Amino acid sequence: MSSIPQTTDNGNNVSDFATKFMKRFHLSRLLFKCNAGKEKGIPAMDIFRFPFCMMFSDRSVLYADEDRHI
C-alpha cells in the first residue's frame with residue numbers, strides 16, 4: 001500500500017492555471033459587474049480563486065491551511 005505525500009507540486013500548477021483561466025475569460029470584470037468587488041481586505045479574485053483551485057487540486061480544504069501556496 002502506498003502513502004499519499006503531504007507536499008505536491010500540483011498546487012502551484014493548479015494556481016497558475018486558475019490565474020491564466022481567470023485572466024483569459026476576464027472573470028474580474030464579470031465579478032465587478034455582479035457587484036462582487038470589495039473596497040478593502042482580501043481581493044475578491046483571491047477569494048474566488050481559492051475554491052476554484054481546490055476543485056482541481058488533489059488536496060482537500062482541510063490541508064489548505066497547512067500549505068498556503070495557493
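1. A word on the model: it is predicted, so local features need pLDDT of at least 70 and side-chain atom pairs count only at pLDDT 80 or more, while totals for chains, interfaces and linings use all residues. Residues are numbered from 1 along each chain as its sequence is written, and side-chain values use heavy atoms, with hydrogens and water left out.

2. Now look at L27. Apart from neighbours within four places in sequence, L27 has contacts (heavy atoms within 4.5 Å) with F21, M22, M45 and F48.

3. What about the cysteines? C53 is buried at 0% relative accessible area, whereas C34 is exposed at 53%. Buried means under 20%, exposed over 50%, and partly exposed in between, with a 1.4 Å probe and protein chains only. There are zero disulfides, meaning pairs of cysteine sulfur atoms within 2.5 Å.

4. Finally, find the one salt bridge, defined as a side-chain nitrogen of Lys or Arg within 4 Å of a carboxyl oxygen of Asp or Glu. D46 pairs with R49, and their closest N and O atoms are 2.6 Å apart. Because these two sit three residues apart in helix α3, about one helical turn separates D46 and R49. D46 is partly exposed at 37% relative accessibility, and R49 is buried at 17%.

Note on methods
Helices (H or I, at least four residues) and strands (E, at least two) are DSSP runs, numbered from the N terminus.
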